[in-house]
Amino acid sequence: MRLPFLHKTVVKKITGDALGIERYKADAVISNLLRELPELVAAAVVDIQSKKTLAAYTTVASFDPYKISSRNAELISQTQKNLTAPWLAGQQLNDLVIVLDEQLHCLRTTPDGQRLCYVAVRLADTNMALVRDVMRRHSN
C-alpha cells in the first residue's frame, strides 16, 4: 500500500530552453509563483508562437511540464483563433482554468499575448480564486 505522506516528493529545479533575458524573465515568473503557491505541482512559461518552454518546474517526477506545455500553447493558439469570429470582436483571452478531480490547471497569457504561464496545483492545497489572482499578478 502506497501512502503519499510517507514518500518524499522529488523536487526538480527550474529548467528551460531559453537563454539571456527571456530565461531571466521566465525564471522570475516561476520563482514568484513558487513564493506565493509553494504547493505547486508544476509551473511553466511557454512561448506561444514557437511552443518552446522557456522555463519549467515540477515537484512530481512523473509530471512532464515540457510535454504538456506545448499542448497548452496549442490550445491557447486555437482558442485565440476562435476569437476572430465577428461576434467576439474586441474580446481577449485572459486565462483558461481546467478543473480535474484532484488538480486545478490554470493557463494565463501575458498582456502582450506572446507567452503562456501555466500552473497545476492540487485542489486540496488551494482554490481557483487564489490561483487566478496569483497568476494575474505574476504573468507580466
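In this predicted model, the buried residues of helix α3 are Val131, Val134, Met135 and His138, where buried means under 20% relative accessible area, exposed over 50% and partly exposed in between, with a 1.4 Å probe and protein chains only. Helices (H or I, at least four residues) and strands (E, at least two) are DSSP runs, numbered from the N terminus. Because the buried residues of α3 fall within an arc of 100° when seen down the helix axis, they line one face of the helix; the arc is that of the directions from the helix axis to the C-beta atoms. These buried residues pack against α1, β4 and β5. At the start of α3, a side-chain oxygen of Asn127 reaches to within 3.1 Å of the backbone nitrogen of Ala129.

Residues are numbered from 1 along each chain as its sequence is written, and side-chain values use heavy atoms, with hydrogens and water left out. Local features need pLDDT of at least 70 and side-chain atom pairs count only at pLDDT 80 or more, whereas totals for chains, interfaces and linings use all residues.

A nonpolar core is a set of buried Ala, Val, Leu, Ile, Met, Phe, Trp, Tyr and Cys residues joined through side-chain atoms within 4.5 Å. The largest such core has 20 residues, of which Ile30, Leu33, Leu40, Val45, Val119, Val131 and Met135 touch the most other members. Two or more residues each come from α1 (20–36), β1 (42–47), β2 (52–58), β4 (103–109), β5 (115–122) and α3 (128–138), and α1 gives the most, with five residues. A second, separate core of 14 residues includes Ala44, Val46, Leu93 and Tyr118.

The structure holds zero disulfides, a disulfide being a pair of cysteine sulfur atoms within 2.5 Å. The sulfur of Cys117 is 9.4 Å from the closest cysteine sulfur, in Cys106, which is too far for a bond. Cys106 counts as buried at 1% relative accessibility, and Cys117 counts as buried at 2%.

Lys51 lies in the loop between β1 and β2 and, at 26% relative accessibility, counts as partly exposed. Leaving out residues up to four places away in sequence, Lys51 touches Val46, Ser70, Ala73, Glu74 and Ser77, contact meaning heavy atoms within 4.5 Å. The side chain of Lys51 makes a polar contact with the side chain of Glu74 (3.1 Å); a polar contact is a pair of N or O atoms within 3.5 Å, and within protein one must be able to donate a hydrogen and the other to accept it, while residues adjacent in sequence count only if both atoms are side-chain atoms.
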